Structure formats: C-alpha cells, structure tokens
Amino acid sequence: MRQLQGLVRVGGTIIFLGIGLVGCQKLVDGDWFKEPLTNQNTMNKTDQSYSTNSTFYIDRQEESFRQALGKTKVSVTRDLDHLMLVMPEDASFAVNSAHIREEFGKVLDAIVVVLAEFNQNTVEIIGHTDNTGDYQFNQRLSRERAREVAYHLTQRGISTSRVTFYGMGPDNPVASNDTLSGRMMNRRVEINIKPPSP
C-alpha cells in the first residue's frame with residue numbers, strides 16, 4: 001500500500017514538472033503573448049466598426065438633407081465625410097439685404113430638423129458675395145447674412161457651441177464675376193456640416 005502511495009506521489013510530481021516545463025516552453029515560444037495580440041485585433045475591429053458607423057451616420061444625414069431640401073433651390077454636396085448646403089441669394093436674401101426671406105426661413109426650419117436629429121457634428125456658416133460694389137460693404141453684407149442664418153438656427157434649438165459663422169465677401173468666387181449668371185452663383189450662403197469627432 002505504501003509502495004502504491006509512493007508511486008502516486010512520484011507520478012504526481014512528474015506530471016506537475018511536465019506541466020511546468022510545457023508552461024515555460026510556451027513562455028519562451030511566445031504563445032502566452034498571443035492574448036494581447038488578440039486584444040489588439042479586437043481594438044482594430046472596434047476602430048473599423050466606428051469608421052463604418054461614422055460613414056453610415058453621414059450617409060443617413062445626407063439622405064435626410066436631400067429629402068428635406070429636394071424641392072428647394074438649396075443644393076446638397078458631399079466631399080467624403082463633409083456635407084455642404086449651398087443657398088443662392090435669390091432663394092435666401094433680397095439684393096443688398098441680410099433680411100431672411102419668409103420662404104427661406106421655412107427652408108432653414110427644415111435644415112434645423114435634420115441638424116437636431118444628427119447632433120454630433122458642427123455647423124460652419126459662410127456668407128459670400130460677388131465683386132460688384134464696395135469691397136468693405138460686401139464683406140460686411142456676407143458676414144451679416146451668415147450671422148442671420150446662424151441666429152435662425154440657434155433660435156430654433158441648435159446649440160450655439162456647434163455653430164460658427166463668418167463672411168468671405170467676394171474673396172471665394174465659384175464662378176466668373178464677368179457674367180450675370182456667374183455673379184448670381186457667387187452670391188450665396190454655405191452651410192458646411194463637419195463630421196463628429198472620433
């Protein structure tokens with residue numbers, strides 16, 4: 001009986017030493033470092049998932065803007081994860097005025113609805129003019145128009161922390177100022193929708 005117990009002890013010792021040697025070999029071979037690599041892979045998948053969700057977020061927002069503004073003169077363009085709404089003067093302000101037309105106010109109200117639903121991004125409003133008339137007047141007019149749009153949005157619930165505005169005057173034309181149609185295109189207000197921070 002004692003011999004049997006002795007053999008069991010010896011066998012247990014051998015098994016214990018064997019497991020220890022295998023463990024040491026795994027440590028030397030680097031097998032035990034696979035766990036952090038697995039975690040790293042998981043983190044990468046999470047990052048990819050965020051990127052996909054961010055793209056999906058912009059996709060949905062773009063679709064919402066197109067639906068809301070489809071019957072207006074406001075154009076919706078996209079550059080990667082940035083959206084830009086362009087509002088021509090004839091659909092927004094009277095000539096040489098920063099007073100928002102009544103119909104344009106309704107358009108801005110539709111924009112507010114989408115901005116309120118997709119509230120993780122920032123809103124940059126820029127006023128533009130053509131190059132006719134006094135340069136300083138154009139600078140001031142473009143800023144006042146951008147400010148009026150920003151005021152309209154914030155008065156209807158869009159957080160002021162999301163909104164910035166400024167005027168460019170005639171300094172960033174999108175068409176030639178030598179033609180009537182070109183000058184009309186240059187007189188505009190842009191709303192740039194920037195993506196949420198990662």
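Student: Leaving aside its neighbours within four places in sequence, which residues is arginine 187 in contact with?

Tutor: In this predicted model, arginine 187 is in contact with Pro88, Glu89, His128, Thr129 and Asp130, once neighbours within four places in sequence are set aside. Arginine 187 itself is found in the loop between helix H5 (180–186) and S5.

Student: Why is arginine 187 counted as buried?

Tutor: Buried means under 20% relative accessible area, and arginine 187 has 18% relative accessibility, so it counts as buried.

Student: What makes the pairing of the side chains of arginine 187 and glutamate 89 a polar contact?

Tutor: The two side chains come to 2.6 Å, and the cut-off for a pair of N or O atoms, one able to donate a hydrogen and the other to accept it, is 3.5 Å; the value of 2.6 Å is therefore within that limit, and the term polar contact applies.

Student: Why is strand S3 described as largely enclosed by the rest of the structure?

Tutor: Of the 7 residues of strand S3 (residues 122–128), 6 are buried, so the strand is largely enclosed by the rest of the structure.

Student: How do you know that S3 pairs with S5, and in which sense?

Tutor: Two strands pair if at least two bridges are found between them, and S3 and strand S5 (residues 188–194) have 7 bridges, in the antiparallel sense; in this pairing threonine 122 stands opposite lysine 194 in S5.

Student: What makes S3 and S4 a pair, and which helix does the chain pass through between them?

Tutor: S3 and strand S4 (residues 163–167) pair in the parallel sense over 5 bridges, where at least two are required, and valine 123 stands opposite valine 163 in S4. From S3 the chain crosses through helix H4 (residues 135–155) to S4, and this β-α-β crossover is right-handed.

Student: Why are S1 and S4 called edge strands?

Tutor: The open sheet of 5 strands has the order S1-S2-S5-S3-S4, with mixed pairing, and strand S1 (75–79) and S4 are its edge strands, each pairing on one side only. From one strand to the next, the twist averages 20°. Further along that order, strand S2 (residues 82–88) and S5 pair in the antiparallel sense over 6 bridges, with leucine 83 opposite isoleucine 193 in S5.

Key. Residues numbered from 1 in each chain as written. Predicted model: local features only at pLDDT ≥ 70, side-chain atom pairs only at ≥ 80, totals over all residues. Heavy atoms only, no water. Buried < 20%, exposed > 50% of the residue type's maximum accessible area, 1.4 Å probe, protein only. Helix = DSSP H or I, 4+ residues; strand = E, 2+ residues; numbered from the N terminus. Right-handed = clockwise from strand over helix to strand, strands pointing away. Contact = heavy atoms within 4.5 Å. Axes fitted to C-alpha atoms, helices over the stretch in contact; angles between N-to-C directions.
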